Structure formats: structure tokens, C-alpha cells
Amino acid sequence: MRRDWIDVIRTAIWYAYIESNFSHATSYQIEKIIEPEAFVKDKNYFYHHNKWAKYKLGKHTPEIELINKANQHVKGTAKIINHVLWEAIRGHKPMKWFMDDGVKQLSWDVQRIVFKSVNDQMELIPVSKIRKELRRIERISSFDALALLIIYLRIADDQNQREIAFWIGRSIYRILLVMCVFSPLANFSYGVAFLFYLNVFPLCQSEMRQYDSQDVDDFSNKCKMLNHTLLVAEDRNIIDVERKGISKKMYTNFLFDIQDGKRGFEIIQFFSPSF
């Protein structure tokens, strides 16, 4: 299959997650750890194909064998590069696949919100009922939460439910903002926003609007502003970093509180999506 921008971004993010587990390691050193057989000795000289430098830039997509090998060293990285999120963004698979196979690949944290028992059978709640669950899904703030909402956005678009499509798109935007504050996604905020404005956000607009690079610039700037807000909160002890048991979840909740206007209503408009 021909590579696209989604392959570029998902590969670069996959590499970043691996790199974050090897302190200050170069792509050469990571390759030597994960793929030592790639180094061939010719007389007194070792040479290799320098593939990992290309993975870092997303120029090549790794084969499944290498993905599994890397996952043995850094657990969870195989799920990142093979996540259903990328198919949801791409949107090439049939709607039935997303509703059956796609959703079932997600964690139970999100599945339990949208699967309800009907006559002893577990069924997805209809898209008309998803709005009241959006805040719960937002707070999960993960690849799974994003994938789930994009699937529901595609259902809403398919059924021409424009109002609910807007609210789903708004929640996707809010989750994306929060996730792009933290490493390693913080380094990919522009590229990730580019993918979403190209493939996802047009689905939640009443009229198809052409891609505008200014939207991506605005998103990237908002990520930086949220990050700055977090640093200020730490500096002023609004978030007590010395508190025992401080977690990423607490930081995430704080950032959603910012978007909800709990630290000032004038901030709500600033962090609202540009669609």
C-alpha cells in the first residue's frame, strides 16, 4: 500500500515513544540495541543501513517483524503504530468495520462507555446518545478515546447529523490539545493537527471548508499556551508538584478545567476550535 502522511506521522511518533525509553540514545544506538543483526562486519569495519534515522523522520515504515522486535524492548509501541486511530483518521475502511472490529480493538475504559446491554447482547449506543458521554470520554484523553470519537464522528457524518458531529469534533479537538501538551506528542503537535484538519475536522462542519494552514498554526500555538499555563500553575503552586501521588491524570484534569473556563471564562473562547 502506498505510504501517506499518516504513515509518516505514526512512524515518527512510534520512534519517539521508543526513544523516550532510552535516555539520550541516538538512532544508531537504538538500532544497535533492538536490531544488532543489522550491523555487519566487513574486515575491521562495522557498517549498517542506518534505517532508524529514517524511522525517526517517518521516511520509512517498519515491517511487522521489526515492530514486534521493538515491542519486546519497549512494551506498548506495537499498539501505537498499529493503533486503530490511524485507520479512523484515514477513513478508508467500511463503516461496518469501524463499528464492529474497530471499536472492539479499543480499551475497556472507552468500550464500557458506549456498549450497553440490549436483550443480553452488547450493542453500541446510537450516535444520538453520545453527546452526554463526551466529557467522560474526553477525560480518558488517549489514542483510544480519540479513535472512538472519530468513529462516532464518521457515523454522525454518514447519517448527516450535523449538530452532534460538531460536538463530537469539539471534543476531539479538546482531547488533542491536551495530549499534545505532553511528550512525546508535544513534538508533533503541528503534524498531528495537520492530519486532523485534513481528514477529520471537515466532517464536523456544516459546509466543506478548504484546508487552511492558519488553523494548524493556531492549534500549535494553543498547545504552547496550555503548556505555559501548566508551568505557571506549578510555579504558583496551583498544582502542588510536591504532593504525594501527583499523576498525569491530575495534570490532564487541570488542562480540561482550563478549557472549561474554571480558571477564567475569558479563556474558553481562546481554546475553542477554529471550525
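## Ser272 after helix α15

Ser272 belongs to the segment that comes after α15 (266-270). The model described here is a predicted one.

Is the residue buried or exposed? Ser272 has a relative accessibility of 17%, and therefore counts as buried; the cut-off for this class is under 20%. The side chain of Ser272 comes to 2.8 Å from the backbone oxygen of Ile268. When residues up to four places away in sequence are not counted, Ser272 touches Tyr173 and Lys222.

## The packing of helices α7 and α10

Two packed helices are described by the angle between their axes and by the distance between those axes. For helix α7 (residues 95-104) and helix α10 (residues 143-158), the angle is about 155 degrees and the axes are 10 Å apart. Helix α7 is therefore roughly antiparallel to α10, since angles over 145 degrees fall in that class. The crossing of α7 and α10 is left-handed.

Which residues form this contact? From α7, Met95, Phe98, Met99, Gly102 and Val103 take part, and they meet Leu148, Ile151, Arg154, Ile155 and Asp158 of α10. By type, the residues in the contact of α7 with α10 comprise 7 nonpolar, 1 polar and 2 charged.

## His228 in helix α13

His228 is part of helix α13, which covers residues 213-235. Because its relative accessibility is 44%, His228 counts as partly exposed; this class lies between the limits of 20% and 50%.

How far apart are His228 and Lys132 in sequence and in space? In sequence, 96 residues separate His228 and Lys132, and in space the C-alpha to C-alpha distance is 31 Å.

Key:
Residues are numbered from 1 along each chain as its sequence is written. This is a predicted model: local features need pLDDT of at least 70, side-chain atom pairs count only at pLDDT 80 or more; totals for chains, interfaces and linings use all residues. Side-chain values use heavy atoms; hydrogens and water are left out. Helices (H or I, at least four residues) and strands (E, at least two) are DSSP runs, numbered from the N terminus. Buried means under 20% relative accessible area, exposed over 50%, partly exposed in between (1.4 Å probe, protein chains only). Axes are lines fitted to C-alpha atoms, for helices over the stretch in contact, and angles run from 0 to 180 degrees between N-to-C directions. Angles under 35 degrees count as roughly parallel, over 145 as roughly antiparallel, 65 to 115 as roughly perpendicular and the rest as oblique. A crossing is left-handed if the near helix is turned anticlockwise from the far one by less than a right angle, and right-handed if clockwise. Contact means heavy atoms within 4.5 Å. Ala, Val, Leu, Ile, Met, Phe, Trp, Tyr, Cys and Pro count as nonpolar, Asp, Glu, Lys and Arg as charged, and the others, Gly among them, as polar. A polar contact is a pair of N or O atoms within 3.5 Å; within protein, one must be able to donate a hydrogen and the other to accept it, and residues adjacent in sequence count only if both atoms are side-chain atoms.
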